[in-house]
Amino acid sequence: MNADQTAHAPADLRGFLRDLEAADPGALITVEREVDPEFELSAVVKALEPYGAPAVRFERVKGGGMPVVAGLYGTRRRIALALGKDVGEVVGFALDAIRHPIPASPVASAPVHEVVERGEAVDLTTLPFGVHSRDDAGRYITSGVTLARDQETGKLNTGMYRMMVLDRNHISVNAAPDHDLGRIISRAAERGEDVPIAIVIGHHPAYAIGSQLKHGTDVDSHEVTGALLGRPLDVVQGVSVDLQVPAYAEIVLEGVIHARDLVQEGPFGEFTYYYGAARAPRCTITAVTRRADALFNDLHPTHAEHRCLWLFPGREARLLEAVRASVPTVRDVRIPFHGGSLSAYISIEKRHEADGRQALLAAFSRDHFLKHVVVVDPDVDVFDDREVLWALNVRFQADRDLVRLDHAKGIKMDPSATRLGSADRPDVVTAKLGFDATKPVTTAFPERADLVPPGFDHLDLAEYLDTATSARLGSFARVATAVSE
């Protein structure tokens, strides 16, 4: 494809898969054998996780009638590739996209309307929704990006929420009260109104990435997606709801949430790798539209891709922005995927003795999911767990550098948290620890002994090794990076 063709090619899922195969052939695996969406498909994706968490395309899925792509968001590198950036540039790029949105581009017709099913023709059981964890209550929509209009600002808002398939045309929509959609539903319930929504299943990764940036509701999510893509998002009018949906989506479910009609949903395996259950409003699906040759996108909830998409760049960008507002010398932040999203590492250039403690308090104030935060100096790589552990052991003293917060806001998915209130709406509190593993500013501290000798900061191993050995080392580094995140 030449440069002019690339500039005009639609931003969609299938285009990204072609780009992924060209950039890193090992990052996308094809399975020809027929698999069952109940447990088997997700079991294969999970079994591949230690091997670089590759994306997997299943060509034949029992009862689904269409190929399924899963594991798409398994690594930081893959998300960076989708945005056309290096990994280290993504967080700053995401913040810039919020500040400089690009308006969407409406079109009259679109591939997502090649097949349209309305009313009695809607049958969700024909789509390959999966059952992922052994005690899940049923089939869940896990990759759907839910689109709704904020009643107060008039802007379109996107997010990802767990949705249980109840029958052929009903689902539950579990949006926590402090999430954007949760607030939209709550206000609708007060007025006795329904909430029109559209659920986008399968699109260019920028659409899902944009939904996790959690910007203010005065910013239109479709315009932020356009900024991530570097060009306007093509949208088309929905067929049964007054919402504009992505023109090049694979599948769109349109419907209305009945804000006061609560049903039981769950258990469902969540990002902490424990089960959650709740009462959530029922939603009637009024139309299903799709491409004639649609690809189905599934997201594994107890897999690295769930945490990766949620944390990078969205939560990390918000954390960086908040902590930097309090301590301007913050260099980097990282929320490690294997910490269940409840830990964070922060690198600061310490200029005041209290900067470390200030950064800790700012982090806990901004992100109530966090339980344990470690602050380190700039010479410690927050993307290397060994470095952070080393700093924690040689630059931290518990009687001097520990910050403890008791009875702070926690999350329901943490089984160790203390539950208060009623069974239907429990208040969850937890204890939090902050570790200031930075060197003191005012007193001398020993220099590191493992620094690279003078003159060898940029040593190139390729100048010392034969080609075959260099290739083996390069392959090992790619796999190790992918597995560690």
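Leave aside the neighbours within four places in sequence, and Thr 289 still touches Val 112, His 113, Val 115, Val 116, Val 239, Glu 250, Ile 251, Val 252 and Glu 254. This is a predicted model, so read everything below as a description of a prediction. Thr 289 belongs to strand S15, which covers residues 275-290. Is Thr 289 buried or exposed? Its relative accessible area is 0%, and the cut-off for buried is under 20%, so it counts as buried. For a sense of distance, take Ala 137: it is 152 residues away from Thr 289 along the chain, and the two C-alpha atoms are 26 Å apart.

S1 and strand S2 (residues 55-58) run parallel and are joined by 4 bridges, with Leu 28 standing opposite Ala 55 in S2.

Strands S18 and S19 make another pairing to look at. Strand S18 (residues 343-348) pairs with S19 in the parallel sense, over 5 bridges, and Ser 343 has His 372 in S19 as its bridge partner. Strand S19 (residues 372-376) is largely enclosed by the rest of the structure, because 4 of its 5 residues are buried.

Here are the pairings side by side.

| Strand pair | Sense | Bridges | Source of values |
|---|---|---|---|
| S1 and S2 | parallel | 4 bridges | computed from the model |
| S18 and S19 | parallel | 5 bridges | computed from the model |

**Helices against helices**

Two packed helices are described by the angle between their axes and the distance between the axes. For helix H9 (residues 304-326) and helix H10 (residues 355-366), that angle is about 135 degrees and the axes are 9 Å apart. How do H9 and H10 lie to each other, then? Angles over 145 degrees would count as roughly antiparallel and 65 to 115 as roughly perpendicular, so this pair is oblique. The crossing of H9 past H10 is right-handed. On the H9 side, the contact is made by Arg 318, Leu 319, Ala 322, Val 323 and Ser 326; on the H10 side, by Gln 358, Ala 359, Ala 362, Ala 363 and Arg 366. Sorted by class, that comes to 6 nonpolar, 2 polar and 2 charged residues.

The spacing in such lists has a simple background: an α-helix has 3.6 residues a turn, so residues three or four places apart point the same way.

H9 turns up again with helix H5 (residues 90-99). The buried residues of H5 are Val 90, Val 91, Phe 93, Ala 94, Leu 95 and Ala 97. These pack against helix H4 (76-83), helix H8 (221-229) and H9.

Most residues other than glycine have a negative phi, and most peptide bonds are trans. The model has some exceptions worth a look. The peptide bond from Gly 266 to Pro 267 is cis, with omega near 5 degrees, and Pro 267 is in strand S14 (residues 251-269). Another cis bond goes from Phe 312 to Pro 313, with omega near 5 degrees; Pro 313 is in helix H9.

As for phi, Tyr 273 isn't a glycine, yet its phi is positive at about 65 degrees. Tyr 273 is in the loop between S14 and S15 and counts as partly exposed, at 34% relative accessibility. Ser 341 also has a positive phi, near 75 degrees. Its loop lies between strand S17 (330-334) and S18. Where Tyr 273 is partly exposed, Ser 341 is buried, with a relative accessible area of 0%.

Methods:
Residues numbered from 1 in each chain as written. Predicted model: local features only at pLDDT ≥ 70, side-chain atom pairs only at ≥ 80, totals over all residues. Heavy atoms only, no water. Axes fitted to C-alpha atoms, helices over the stretch in contact; angles between N-to-C directions. Helix = DSSP H or I, 4+ residues; strand = E, 2+ residues; numbered from the N terminus. Parallel < 35°, antiparallel > 145°, perpendicular 65-115°, else oblique. Left-handed = near helix turned anticlockwise from the far one by under 90°. Contact = heavy atoms within 4.5 Å. Nonpolar A, V, L, I, M, F, W, Y, C, P; charged D, E, K, R; others polar. Buried < 20%, exposed > 50% of the residue type's maximum accessible area, 1.4 Å probe, protein only. Pairing = 2+ DSSP bridges.
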